[in-house]
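Student: I would like to go through the labels used for this structure and ask where each one comes from. Please set each value against its definition.

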Amino acid sequence: MIGPTHRLWATIATIAALHAQRAFTIPPTLEVSMVLPIATIIGGAVLGGLPDLDLKLGIPHRTITHAIWWPLLIWFFLPAPVGPALGFALLTHPLLDCLAGRVQIFWPLPWWVGMQLVKTGGATETMFNIGLGVWVVWNVFK
Ligand SMILES: [Zn+2]
């Protein structure tokens, strides 16, 4: 999957996780109630693209940076609602990559998980993203 796809799905995952935790309605004041979710959404979008830094750093692709341990650490060690939202956002990256090839998701264990259902940057990926967009718009406005 390409960077924009990862950031799109991570952003939607962050919003969904915040919504599930009722993070948009917890604090009593407008300033507090919107600052935390918006900062978390931006953080989720950034985190969603982060694992592919392995390409720039010369680390073998889809190994340590795509391990499931990072999202789980964030999910369980950062306080709610931020931790679960960011953990879920980061988790979308290796899971999406599993649809476009194989990922060493349990790094350092030598198991590669996934299958080539979607060609990275191809028409299927675009349709995948359009489908997500339609689904989100449908659920927001129904
Ligand atoms: Zn990746």
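Tutor: Start with burial: a residue is buried if 20 or more other C-beta atoms, placed from the backbone, lie within 10 Å of its own, exposed if 12 or fewer, and partly exposed in between. The model is predicted, so local features need pLDDT of at least 70 and side-chain atom pairs pLDDT 80 or more, while totals for chains, interfaces and linings use all residues. Residues are numbered from 1 along each chain as its sequence is written.

Student: What makes G114 buried, exposed or partly exposed?

Tutor: G114 has 19 other C-beta atoms within 10 Å, so it is partly exposed. G114 sits in the loop between α5 and α6; helices here are DSSP runs (H or I, at least four residues), numbered from the N terminus. Leaving aside neighbours within four places in sequence, G114 is in contact (C-beta atoms within 7 Å) with D97, C98, L99, G101, R102 and V103.

Student: Is R22 called buried or exposed, and why?

Tutor: R22 counts as exposed because it has 9 C-beta neighbours inside 10 Å. R22 lies in the loop between α1 and α2, and its phi is near 55 degrees, a positive value in a residue other than glycine.

Student: How do you know how α4 and α5 are oriented to each other?

Tutor: Helix α4 (residues 69-77) and helix α5 (residues 82-97) pack at an angle of about 170 degrees, with axes 6 Å apart. Axes are lines fitted to C-alpha atoms, for helices over the stretch in contact, and angles run from 0 to 180 degrees between N-to-C directions. Angles under 35 degrees count as roughly parallel, over 145 as roughly antiparallel, 65 to 115 as roughly perpendicular and the rest as oblique. Therefore α4 and α5 are roughly antiparallel. The contact includes W70, P71 and L72 of α4 and G83, P84 and L86 of α5. By class, this contact of α4 with α5 has twelve nonpolar, two polar and no charged residues. Ala, Val, Leu, Ile, Met, Phe, Trp, Tyr, Cys and Pro count as nonpolar, Asp, Glu, Lys and Arg as charged, and the others, Gly among them, as polar.

Student: Why are α1 and α6 given their own label for orientation?

Tutor: α1 and α6 pack at an angle of about 20 degrees, with axes 11 Å apart. They are therefore roughly parallel to each other. T5, L8, W9 and I12 of α1 meet E125, N129, L132 and V136 of α6 in this contact. Its classes are five nonpolar, two polar and one charged.

Student: Which peptide bond has omega near 5 degrees?

Tutor: The bond from A80 to P81, which is cis. P81 lies in the loop between α4 and α5. Another cis bond joins W107 and P108, with omega of about 10 degrees. P108 is in the loop between α5 and α6 (123-141). Most peptide bonds are trans.

Notes: Helices (H or I, at least four residues) and strands (E, at least two) are DSSP runs, numbered from the N terminus. Two residues are in contact if their C-beta atoms, placed from the backbone, lie within 7 Å.
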